[in-house]
Amino acid sequence: MARGEGKGESVARLSNQIACIKYTLFCFNIVAWIVGAGLFAFTIFIRAEPGFDEWIAILEVYEYYIGVYILIGAGALVMIFSFLGCCSALMEHSSALYLFIGTQVFLFVLTVIGSAILLDYSTMNSSIQPLIRQTMLRFIVTSEHPHSSAALKLIQESIGCCGADGPNDYMVMRQPLPLECRDTVTGNAFFNGCVNELTWFLEDKSIWAAIMAMILAAVHTCNAVLGIVLVQALRREEEAMNRR
């Protein structure tokens with residue numbers, strides 16, 4: 001009788017542990033859904049922001065959108081799989097939990113890759129800067145053409161910059177310094193080049209998306225670990241029940 005009571009206490013203790021893991025996993029999935037929805041909405045806003053697409057087209061840096069598209073997809077999948085994760089945890093279904101663990105590993109990889117690509121095409125000393133520099137120098141060399149002249153005027157007036165890396169670019173290429181390169185109050189040429197200014201402009205947007213993606217990566221790691229622990233706990237509970 002005492003032995004049976006001991007087994008009963010063991011099963012009850014396992015049941016309490018399973019309930020604790022299950023509801024912790026449920027809460028983590030709620031957090032993942034909220035952050036995933038935020039990431040999805042923010043990256044959609046970046047892609048659809050009025051006027052922003054025009055800047056990308058002028059600078060010909062469509063590579064910036066690669067990371068944005070990956071994170072849009074990641075945010076959508078997180079919302080779907082977080083809901084399914086809540087269901088699999090509450091049902092205590094081992095096969096569904098294994099599938100959930102697999103999706104968490106996949107989403108971890110996807111969010112890390114997406115944020116890495118986004119930052120590689122939007123931060124200082126990243127792959128985006130040579131692309132912007134190449135476009136700006138081409139505009140300066142062909143500044144006598146209306147398209148190049150209009151693009152330079154739009155960029156330099158709007159951002160408050162001059163040339164690719166500064167006003168010296170015009171002198172090196174033996175081109176006249178345009179009026180939009182000068183401060184309207186002091187008349188002095190803008191010191192900062194447009195490469196750095198435009199990179200800072202892109203970086204301000206990308207950093208928030210990358211932060212949300214890294215939060216999701218951390219949550220996916222916790223979800224995968226909790227899923228494995230829950231599967232093991234369910235297996236031990238089943239074995240304990242069979243021995244009774």
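A disulfide here is a pair of cysteine sulfur atoms within 2.5 Å. This is a predicted model: local features need pLDDT of at least 70, side-chain atom pairs count only at pLDDT 80 or more, and totals for chains, interfaces and linings use all residues. Residues are numbered from 1 along each chain as its sequence is written, and side-chain values use heavy atoms, with hydrogens and water left out.

**View 1. The disulfide pattern of the protein is 1-4, 2-3, with bonded cysteines counted along the chain.** The whole structure holds 2 disulfides.

**View 2. Cys161 and Cys194 form a disulfide, S to S 2.0 Å.** It bridges distant parts of the chain, 33 residues apart: Cys161 sits in the loop between helix H6 (146-159) and helix H7 (168-172), Cys194 in helix H8 (residues 194-243). Helices are DSSP runs (H or I, at least four residues), numbered from the N terminus. The S-S torsion is about 90°, so the link is right-handed. Cys161 is buried at 0% relative accessibility. Cys194 is buried too, at 0%. Buried means under 20% relative accessible area, exposed over 50%, partly exposed in between (1.4 Å probe, protein chains only).

**View 3. Cys162 and Cys181 form a disulfide, S to S 2.1 Å.** The link is right-handed, with 100° about the S-S bond. Cys162 lies in the H6-H7 loop and Cys181 in the H7-H8 loop, so the pair ties together parts 19 residues apart in sequence. Both cysteines are buried.

**View 4. Cys87 is in no disulfide.** The nearest cysteine sulfur, that of Cys86, is 6.8 Å away. Cys87 is partly exposed, with a relative accessible area of 29%.

How values were computed
Helices (H or I, at least four residues) and strands (E, at least two) are DSSP runs, numbered from the N terminus.
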